Amino acid sequence: RWWDYEFIRDINMSIENITKYGTEISEESKNQFIAEFRFIRAYVYFEMVKRMGGVPLITDVMVYDPSKDITTYEVPRSKEYEIYDFIASELDEILDDLNLPAIIQYNRASKGAALALKCRAMLYAGSLAKYNSLMEEPVSLPGQEVGIPVSMSVKYYQASLQASYCVFYMV
């Protein structure tokens with residue numbers, strides 16, 4: 001069940017609602033919860049892109065309006081590398097908000113978990129870019145919904161290495 005846009009919608013609604021209605025919690029807690037939601041969303045997109053290549057990237061809540069043309073709700077598949085770039089940028093943006101004390105980090109997204117996910121996703125993307133191109137018949141689609149150009153492999157490997165360095169030294 002990794003094509004689960006109902007879950008993506010729930011995450012997007014949670015982010016939107018905590019931003020709008022989260023007046024009873026501190027700004028620090030609000031930022032922590034939003035960062036955790038974004039971590040989960042990045043993880044779900046990583047699981048989807050691993051299995052299906054580029055998928056529709058939806059980061060806002062889509063509310064159905066019967067007066068609109070239904071085609072306005074159709075979101076095309078993104079290029080595969082665009083999803084990996086989204087995952088990397090999403091995780092980079094939330095790092096500073098994932099600084100819970102170690103005593104309450106159990107079962108919650110942490111800075112280390114976000115860095116580890118980034119390391120894994122970027123290594124996966126780099127390997128896919130490099131080794132897919134070495135296959136006799138590389139797996140790809142003309143619109144790059146599947147397949148990452150080999151020229152991007154170094155970028156992804158470097159991002160993975162940098163994230164693993166940060167995990168090791170927790171910087």
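Is Q144 buried, partly exposed or exposed? At 27% relative accessibility, Q144 counts as partly exposed, since buried means under 20% and exposed over 50%. The model is a predicted one. Its protein chain has five helices and zero strands. Along the sequence the pattern reads α-α-α-α-α.

**Overall layout**

- The C-alpha atoms of the protein chain occupy a box of roughly 60 × 55 × 25 Å along the principal axes.
- The protein chain has 171 residues, and 40% of them count as buried.
- Take the contacts in the protein chain with a separation of 6 or more: 72% of them join residues 24 or more positions apart.

**Nonpolar core**

- The largest nonpolar core holds 35 residues. Within this core, the residues with the most contacts are Y45, Y84, I87, L91, I148 and Y156.
- Five helices each supply at least two residues of this core: α1, α2, α3 (80–94), α4 (111–132) and α5 (153–169).
- Leaving aside residues up to four places away in sequence, Y84 touches F46, V49, K50, A121, M122, Y124, A125, I148 and Y156.

- Helix α1 covers residues 5–21, and helix α2 covers residues 27–52. They pack at an angle of about 165°. Their axes are 10 Å apart.
- Angles over 145 degrees count as roughly antiparallel, so α1 and α2 are roughly antiparallel to each other.
- The crossing of α1 past α2 is left-handed.
- On the α1 side, the contact uses Y5, F7, I8, I11, N12, S14, I15, I18 and T19. On the α2 side, it uses K30, F33, I34, F37, R38, I40, R41, V44, Y45 and M48.
- By class, the contact of α1 with α2 has 13 nonpolar, three polar and three charged residues.

**F7 in helix α1**

- F7 is found in helix α1. F7 counts as partly exposed because its relative accessibility is 35%.
- F7 touches I40 and V44, with residues up to four places away in sequence not counted.
- F7 and I40 are 33 residues apart along the chain. Their C-alpha atoms are separated by 10.0 Å.

**Helix α2 against helix α3**

- The axes of α2 and α3 come within 9 Å and cross at roughly 160°. The two helices are therefore roughly antiparallel to each other.
- The α2 and α3 crossing is left-handed.
- From α2, the contact draws on A35, R38, F39, R41, A42, Y45, F46, V49 and K50. From α3, the partners are E80, I83, Y84, F86, I87, E90, L91, E93 and I94.
- The contact of α2 with α3 divides into twelve nonpolar, no polar and six charged residues.

**Helix α2 against helix α4**

- The axes of α2 and α4 come within 11 Å, crossing at roughly 20°. Angles under 35 degrees count as roughly parallel, so α2 and α4 are roughly parallel to each other.
- α2 passes α4 in a left-handed crossing.
- F39, A42, Y43, F46 and K50 make the contact from α2. A113, A114, L117, R120, A121 and Y124 make it from α4.
- Nine nonpolar, no polar and two charged residues form the contact of α2 with α4.

**Loop residues**

- Q144 sits in the loop between α4 and α5. Phi of Q144 is near 65°, a positive value in a residue other than glycine.
- K68 lies in the loop between α2 and α3. K68 is partly exposed, because its relative accessible area is 46%.
- K68 and S151 are 83 residues apart along the chain. Their C-alpha atoms are separated by 41 Å.

Note on methods. Residues numbered from 1 in each chain as written. Predicted model: local features only at pLDDT ≥ 70, side-chain atom pairs only at ≥ 80, totals over all residues. Heavy atoms only, no water. Axes fitted to C-alpha atoms, helices over the stretch in contact; angles between N-to-C directions. Helix = DSSP H or I, 4+ residues; strand = E, 2+ residues; numbered from the N terminus. Parallel < 35°, antiparallel > 145°, perpendicular 65-115°, else oblique. Left-handed = near helix turned anticlockwise from the far one by under 90°. Contact = heavy atoms within 4.5 Å. Nonpolar A, V, L, I, M, F, W, Y, C, P; charged D, E, K, R; others polar. Core = buried A, V, L, I, M, F, W, Y, C linked by side-chain atoms within 4.5 Å. Buried < 20%, exposed > 50% of the residue type's maximum accessible area, 1.4 Å probe, protein only.
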